[in-house]
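Biologist: Could you take a close look at the salt bridges in this model and then walk me outwards into whatever packs around them? Give me the cut-offs as you go, please.

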Amino acid sequence: MTQPQLAEQLPYHRLARLSPRYRWWRPLLGTLVVAVTYMVALVLLQLACASLGASLGYQEDADGWPEFGPVSGTAVDLLSIGLAIPVLGLTVSWIGRRRPGTVSSVTGRLRWCWLLRCGLAAAPILALTMGAMVLLPADGEAESPWVGWAAFGKALAMLVVLVPVQAAAEEYVFRGWLTQTAGAYLRSPWAALLPQAVLFAAAHGWGTPWGFADLVVFGTAAGWLTWRTGGLEASIALHAVNNLLSFGAAAVVVDGLSSDDTAADATWQIVALDVVGVAVYTAAVAWWLRRRRLERTAPAPKPPAPPPGFAAADPHAGGTAVPPQWAGQPGLSGHGAAVPPAAGGTGEDGAGGV
């Protein structure tokens with residue numbers, strides 16, 4: 001008796017092949033659509049902000065952009081990155097022909113309880129490393145004055161709402177879409193994870209070699225966590241807590257949110273502390289995974305079932321004419337039962353990965 005063929009289990013980075021309508025060109029076309037659609041959405045947001053600023057009487061800078069101030073200006077910057085989430089969702093559904101939730105995890109949704117636990121694990125670890133960064137020498141720069149409770153409270157409320165959106169958007173783009181696009185063609189997780197880490201660092205600009213290396217390490221660790229846990233929750237938690245602490249520390253001082261410095265401009269001392277925090281958090285999640293069950297794969301779509309064989313040797317059995325065997329029908333055994341086709345399909349439209 002022939003055993004039924006089990007569906008291939010796809011890890012997170014291979015989920016672009018989860019759709020029964022997967023074709024080799026869909027991830028590439030989807031990447032182009034994401035880039036173009038995001039740019040269009042970004043231009044529309046900028047036009048809306050410029051119109052709003054003009055109607056409210058905000059002064060314009062040398063580039064003609066309204067000067068919203070540190071808090072409102074930061075909010076616009078965070079929202080502009082957050083636009084990537086709906087753009088990706090529409091592209092995955094329209095071009096990828098799969099559920100948008102498959103970018104979140106192998107379960108087809110964001111696992112909120114797991115996200116919360118990862119956030120609670122990341123908070124004390126990164127708070128300690130951030131506190132150590134604050135104690136580092138300021139390289140002779142004059143200390144900025146305290147911004148005051150009213151201004152800090154306003155900034156903190158905005159950051160708590162929008163920073164998780166911004167961090168999640170970056171995770172959906174780099175650890176989500178780009179990783180799954182590479183994984184559509186490459187079976188090795190590392191081959192799919194390393195390119196997105198370099199692109200993630202490049203997207204933050206070139207500051208110092210230390211800062212660039214720090215971003216590559218961060219992207220690699222976040223990518224490994226995504227593959228190891230089968231979803232973006234652990235990397236979103238790491239990214240959101242890290243950015244919330246960084247923005248919060250900047251909001252403490254006057255014009256701190258107006259600074260143009262990014263993680264790419266970090267010194268080697270800051271990078272050393274940041275790498276330690278990321279490493280400890282990654283180790284904590286890996287330790288936790290040994291003590292709980294978490295879905296890491298999703299079953300690939302099964303190949304279509306063969307049409308049932310016709311079962312009568314007598315063409316007039318039962319008084320009903322039975323059609324003769326048609327071209328492409330599986331051959332009949334001596335007992336009138338259809339012989340099952342030979343196994344060999346990949347469940348992925350026959351396109352094997354590297």
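**Salt bridges and their surroundings**

Modeller: There are four salt bridges in the structure, a salt bridge being a side-chain nitrogen of Lys or Arg within 4 Å of a carboxyl oxygen of Asp or Glu. Before we dig in: this is a predicted model, where local features need pLDDT of at least 70 and side-chain atom pairs count only at pLDDT 80 or more, while totals for chains, interfaces and linings use all residues. Numbering starts from 1 along each chain as its sequence is written, and side-chain values use heavy atoms, with hydrogens and water left out.

Let's begin with R187 and E8, whose closest N and O atoms sit 3.2 Å apart. R187 is in the loop between α5 and α6 and E8 in the segment before β1 (9–11), so this pair ties together parts that are 179 residues apart in sequence. (Helices, H or I of at least four residues, and strands, E of at least two, are DSSP runs numbered from the N terminus.) For burial, under 20% relative accessible area is buried, over 50% is exposed and in between is partly exposed, using a 1.4 Å probe and protein chains only. On that scale R187 is partly exposed at 36%, and E8 is partly exposed too, at 26%.

Next comes E233 with R111, where the closest N and O atoms are 2.8 Å apart. E233 belongs to helix α8 and R111 to the loop between α3 and α4, so the pair ties together parts 122 residues apart in sequence. Both E233 and R111 are buried.

One more of the set is R293 with E295, at 2.9 Å between the closest N and O atoms. Here R293 counts as exposed, with 68% relative accessibility, whereas E295 is partly exposed at 34%.

L232 is in the loop between α7 and α8 and counts as buried at 0% relative accessibility. The C-alpha atoms of L232 and L110 are 7.8 Å apart, although 122 residues separate the two along the chain. Contact here means heavy atoms within 4.5 Å. Leaving aside neighbours within four places in sequence, L232 is in contact with Y12, V103, S104, E171, Y172, R175, G176 and T226.

T226, one of those partners, is found in helix α7 and is buried at 1% relative accessible area. Not counting residues up to four places away in sequence, T226 touches Y12, R175, G231, L232 and S235.

Y172 is another partner of L232. Again skipping residues up to four places away, Y172 touches I85, L88, V103, S104, L110, W177, L232 and I236.

That leads into the nonpolar packing. A nonpolar core is a set of buried Ala, Val, Leu, Ile, Met, Phe, Trp, Tyr and Cys residues joined through side-chain atoms within 4.5 Å. The largest has 42 residues, and L15, Y172, I236, L238, Y281 and V285 have the most contacts inside it. Helices α3 (84–94), α4 (112–134), α5 (149–183), α6 (189–203), α7 (209–229), α8 (233–251) and α9 (268–289) each supply at least two of its residues. The most comes from α4, with seven. Apart from this core lies another, of eleven residues, including A75, A155, L159 and L162.

In the contact itself, A234, A237, L238 and N242 of α8 meet D274, V278, Y281 and V285 of α9. Those residues divide into six nonpolar, one polar and one charged, where Ala, Val, Leu, Ile, Met, Phe, Trp, Tyr, Cys and Pro count as nonpolar, Asp, Glu, Lys and Arg as charged, and the others, Gly among them, as polar.

Also in helix α9 is A286, buried at 15% relative accessible area. A286 and T229 are 57 residues apart in sequence, with 8.8 Å from C-alpha to C-alpha.

Zooming out, the protein has nine helices and two strands. Of its 354 residues, 38% count as buried. And among contacts between residues at least 6 apart in sequence, 79% join residues at least 24 apart.
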